Amino acid sequence: MKKLETILIGTSLSEASDEVVRDGLRLATAAGARVFLVYAFTPTMAYSAPFIPLLSAKDVLRVERAPVEQALQQQILRVGIPPERLAGAGVEIGPPHRVVMEVASRIDADLIVLGAVERPRMAKLFGSTADRVLRKTERALLVLRGRLAVPPRRVLLPVDLSPLSGEELRCGLRLLEGFDPERQAELEGLFVMTDLHREIFLQHSGQEDVESQAANEVEKFLRTNAAGAGWQVQGRVESGYVDQGILARIQGIKPDLVVIGTHGAGGFERFLIGSVAASVVREAPGSVLVIPPEAARDAVDRTPAEC
């Protein structure tokens, strides 16, 4: 996986989004990367140009856009982004989730940073920008809720022991290395054992001590996918429904960051309302780094140390 170079930050230009931009900047500074700010703009008067006979729709759009671009520059100054850390900034027309993904593709962003939501009641009706990006993006996505510790002190890494989960774990650890080059964070690899997992363990060994079996499998999984990258990850097994188990553990240890993959049992699962990653992003009280399968492809056929 290549070095973290460009972080795309979605902004609403409000003071509430200043903290999101600041956290994105702090991550970029720690990783030696640069930030690109984007704001999704919805023109209003330009579509009413017939009622403004002295101006064309293009002229009206330019008039509308000018104060928005000015506000973006003001936010850059307000947050204090130094020129050497600014890869660019732009105002794009379109729905926020679509704008974010299109710009991320255009600039080849290594990471997308978004705030969880500014208007929770509206998000429940229409879905937040972060939620919509989560379901479709092929790039790592960091959803911020509250101020993020940089480097994070405690990180929770839910895993399901599958090969794809291993690739996503390795990709997540590589991104964490950019934020925490000294690898000082306390990392916990969490496996939530469902009734189906329990039945599989029973059929596989015939022994009833499935908790010990699961703990051994978690340790082996972490040794294979994490230890070679220089991280010490403590394994843990919980029982129950996966999303509920993850959220309960988050409440218990209050990690600064959760790193989770988006893959599921089927390729379509990540688009469903009830997907695990979407539930964690929506309900976790803190920040979540989401790794889609596509973002982990560079880890395929490599040893952890090479990722």
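**Note on helix packing and salt bridges**

1. Helix α6 passes α8 in a right-handed crossing (the near helix is turned clockwise from the far one by less than a right angle; helices are DSSP runs of H or I, at least four residues, and strands runs of E, at least two, numbered from the N terminus).

2. The model is predicted: local features need pLDDT of at least 70 and side-chain atom pairs pLDDT 80 or more, whereas totals for chains, interfaces and linings use all residues. Residues are numbered from 1 along each chain, and side-chain values use heavy atoms, without hydrogens or water.

3. Residues 163-179 form α6 and residues 210-225 form α8; their axes lie 10 Å apart at an angle of about 50 degrees. In α6, S165, G166, L169, R170 and L173 meet F221, L222 and N225 of α8 (heavy atoms within 4.5 Å).

4. The salt bridges number 17 (side-chain nitrogen of Lys or Arg within 4 Å of a carboxyl oxygen of Asp or Glu). One of them joins R282 to D131 at 3.7 Å, N to O. Because R282 belongs to α10 (residues 276-283) and D131 to α5 (residues 129-136), this pair ties together parts 151 residues apart in sequence. R282 is partly exposed at 39% relative accessible area, whereas D131 is buried at 12% (buried is under 20%, exposed over 50%, partly exposed in between; 1.4 Å probe, protein chains only).

5. R153 and D256 also form a salt bridge, their closest N and O atoms being 2.9 Å apart. R153 is exposed at 56% relative accessibility, while D256 is buried at 16%.

6. Within α6, R174 and E177 are 3 residues apart, about one helical turn, and form a salt bridge with closest N and O atoms 3.6 Å apart. Relative accessibility is 22% for R174, partly exposed, and 24% for E177, likewise partly exposed.

Technical notes. Axes are lines fitted to C-alpha atoms, for helices over the stretch in contact, and angles run from 0 to 180 degrees between N-to-C directions.
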